[in-house]
Amino acid sequence: MLTEVKSLNEECGIFGIWDHQAAAEITYFGLHSLQHRGQEGAGIVSTDGNVLQGHRNLGLLADVFKHGELDRLKGKGAIGHVRYATAGGKSLSNVQPFLYHFQENSFALAHNGNLVNAKSLRKQLEQEGAIFQTSSDTEVLAHLIKRSRTGDFIEDLKVALNQVKGGFAYMLLTENTLIAALDPNGFRPLSIGRIGDSYVVASETCAFETVGAAFVRDVEPGELVIINEDGLQIERYTEDVKHSICSMEYIYFARPDSNIAGINVHSARKRSGKRLAEEAFIDADVVTGVPDSSISAAIGYAEAAGLPYELGLIKNRYVARTFIQPSQELREQGVRMKLSAVRGVVEGKRVVMIDDSIVRGTTSKRIVQLLREAGAAEVHVRIASPPLAFPCFYGIDIQTRHELIAANHTKAEICELIGADSLEYLSEDGLVESIGKPYPNEPYGGLCMAYFNGDYPTALYDYEQEYLASIESEKNNG
């Protein structure tokens, strides 16, 4: 699947480090490993123990910090953020980390995820006199912290965290403490690592490899991680927890070299490909995967099917990223720029094309067309996940069913629309078992499968009426 053009995009990536003399620089390299989680904006805030300083801007990380901005971010603690907007606009004011200065202290705040009750909380806060500077749901937490007034920042934060609902991994930085918190369902991944005496926290473990950190542990749902001169301390802000890790992290979002809840992402994707071959085998000549996130599943399918895996599709890595383009026409042009079919591999061949999901279907249609133009005799599409038919409200930019081709068409219709000779999906059970049930005693093995079956692990709050209305409208329209 093409991240850049498919319009299935995750909210953000966050990284933080404490007690390192090159904190801002380490944060920069950590964020570089997380760039796949957001390319619209980036920022870093550091502390020297007395003052918080930050820099943020729109664009890729390397562009945001290309003029030596890191040099002035002194101190031994830092947090950083790379952004893709699912809540809030694409303006500089919404680029994180946000930095707040108050009479008695300061703190920086970064957020990965999406709050399902942000609109109602914002309305309530504004009625009480709060003035918002951004359209991001992240800012809601800052106002809730200041409204708590227990007299202790950590306690204020706990009170605030129990008021926000949805998917969130927060990272905060004060003059003398780095803090991280994960929502009660653990929708988004968050892990702790260590470089000597320095602790790091990151959205994905792949960042640890880049900065030379050793994995310590995952942050569990409902936990508050506090790192300061006293070391690492784990507290809880709620006991009402239920593991619901976003299954799309394993399917698509996370880098294949990351581990989530002890499960390697590449291995999970490869197993899903093998299971897909068992469930939906078809006789063919070659198997190819859509770069990059589908490669692992394609290798697994080829192995299980006893067919050769070939690089039938090649991605041009020297074209500027295009997935944030605002129009469908530009996204489709992005497919033509980013991807080429290899005629020498597919010409005259029956090709099995493995992809990890189908969102709108326009990208799949264009890729099938590319393979046919390169001379493929047949193109059989196999998807290493179930049909994506329900919106996500926890940090992925699909929030209406009308965007999703599987919500509005049968499998046979989708096959015809994308121009394939056949189309099959991985089953829900096949996906859960392929990933490996990180928490086997919880529903779906501790995974959120709402995108495929509409079984949301939380109330939808602000989205409830809108979602139910959309379902009713579909019923009335046949």
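Close-up 1. Glu 303 counts as partly exposed, with a relative accessibility of 44% (buried means under 20% relative accessible area, exposed over 50%, and partly exposed in between, using a 1.4 Å probe and protein chains only). This is a predicted model, in which local features need pLDDT of at least 70 and side-chain atom pairs count only at pLDDT 80 or more, while totals for chains, interfaces and linings use all residues. Residues are numbered from 1 along each chain as its sequence is written, and side-chain values use heavy atoms, leaving out hydrogens and water.

Glu 303 forms a salt bridge with Lys 270, and their closest N and O atoms are 3.1 Å apart (a salt bridge is a side-chain nitrogen of Lys or Arg within 4 Å of a carboxyl oxygen of Asp or Glu). Because Glu 303 lies in helix H10 (residues 295-305) and Lys 270 in helix H9 (residues 265-279), this pair ties together parts that are 33 residues apart in sequence. Helices here are DSSP runs of H or I with at least four residues, strands are runs of E with at least two, and both are numbered from the N terminus. Lys 270 is partly exposed at 22% relative accessibility.

Glu 303 also forms a salt bridge with Lys 274, with 3.6 Å between the closest N and O atoms. Lys 274 sits in helix H9 and Glu 303 in helix H10, so here the linked parts are 29 residues apart in sequence.

**Close-up 2. The pair Asp 197 and Arg 194.** How far apart are the closest N and O atoms of the salt bridge between Asp 197 and Arg 194? They are 4.0 Å apart. Asp 197 is exposed, with a relative accessible area of 60%, whereas Arg 194 is partly exposed at 33%. Side chains of opposite charge can pair when their charged atoms come close.

**Close-up 3. An annotated binding site.** An unreviewed UniProt entry carries the annotation "binding site" for Ser 293, Asp 355 and Asp 356; UniProt positions follow the numbering used here, feature names are shortened, and annotations may be inferred rather than shown by experiment. Although these residues are spread over 64 residues of sequence, they cluster in space, with a largest C-alpha distance of 8.1 Å.

Ser 293 lies in the loop between strand S17 (286-289) and H10, and Asp 356 in the loop between strand S20 (350-355) and helix H13 (362-373). Are these two buried or exposed? Ser 293 is buried, with a relative accessible area of 9%, and Asp 356 is buried at 3%.
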